Amino acid sequence: MFLTAIPLGITAFIVRLVYPVGESFLGLQFGYFPSYILLFIVGIIAKRHNWLELINKKVVKRWQLISIITIPVLPIALIANGALDGGLQFEGGINVQALIYALWEPFVAIGFILGFLAYFKEHVNKPSSFKNNLAQAAYTVYIIHPAIIVGLSLLFHGTFYPMIEWIIVSCIAIILCFFISSLIIKIPGMKKIL
């Protein structure tokens, strides 16, 4: 995983030379796509080889520790490289801040992802029809969520204090995404695709 995190960070840094963080096209931030693509591929491989059943607690704890230690590295590195003087450039470009941010992300993400996987496997992985329905709709939610979130964000924009708007949009979006997804996968033939 360590040998995956470094090339992933370098790839993200290179992609962000063209598509900096924060720039989007149709709500898609290509600066994050290296991670999305890798995680999608790893998810397919993990399913085929039952990797989720083989999650090692020692590895999880080690990566959680790496993530926790890594979290403060970013603000310290940004401050050390001029962030307090108005030189915040972590979004992309050829600069130290962008490189540090791109390398920082995978090390934090891997620990959190492994931690969540281990926790949910141990404490939440109890079958039920409700959870099965959510699981069947999850991939469709992944596909449709940007349009729903952007639409709701535009609908509520300027209505409340931003944090209140975020809470309202988040709650409605989660319910709406799963509801619409469950309707979509009921269309004949869609379960084979989604």
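Which residues in helix 6 meet helix 7, and which residues in helix 7 meet helix 6? In this predicted model, the helix 6 side of the contact consists of Leu134, Ala137, Ala138, Thr140, Val141, Ile144, His145, Ile148, Ile149, Leu152, Ser153 and Phe156. These meet Glu165, Ile168, Val169, Ile172, Ala173, Leu176, Cys177, Phe178, Ile180, Ser181, Ser182 and Ile184 in helix 7. Classified by residue type, the contact of helix 6 with helix 7 has 18 nonpolar, five polar and one charged residues.

The geometry of this pair was also computed. Helix 6 spans residues 129-156 and helix 7 spans residues 162-184. The two helices pack at an angle of about 135 degrees, and their axes lie 7 Å apart. Helix 6 is therefore oblique to helix 7, since angles over 145 degrees would count as roughly antiparallel and those from 65 to 115 degrees as roughly perpendicular. The crossing of helix 6 past helix 7 is right-handed.

Solvent accessibility was examined for both partners. Arg16 has a relative accessible area of 2% and is therefore buried, the cut-off for this class being under 20%. Glu105 is likewise buried, because its relative accessible area is 13%.

Definitions and conventions:
Residues numbered from 1 in each chain as written. Predicted model: local features only at pLDDT ≥ 70, side-chain atom pairs only at ≥ 80, totals over all residues. Heavy atoms only, no water. Axes fitted to C-alpha atoms, helices over the stretch in contact; angles between N-to-C directions. Helix = DSSP H or I, 4+ residues; strand = E, 2+ residues; numbered from the N terminus. Parallel < 35°, antiparallel > 145°, perpendicular 65-115°, else oblique. Left-handed = near helix turned anticlockwise from the far one by under 90°. Contact = heavy atoms within 4.5 Å. Nonpolar A, V, L, I, M, F, W, Y, C, P; charged D, E, K, R; others polar. Buried < 20%, exposed > 50% of the residue type's maximum accessible area, 1.4 Å probe, protein only.
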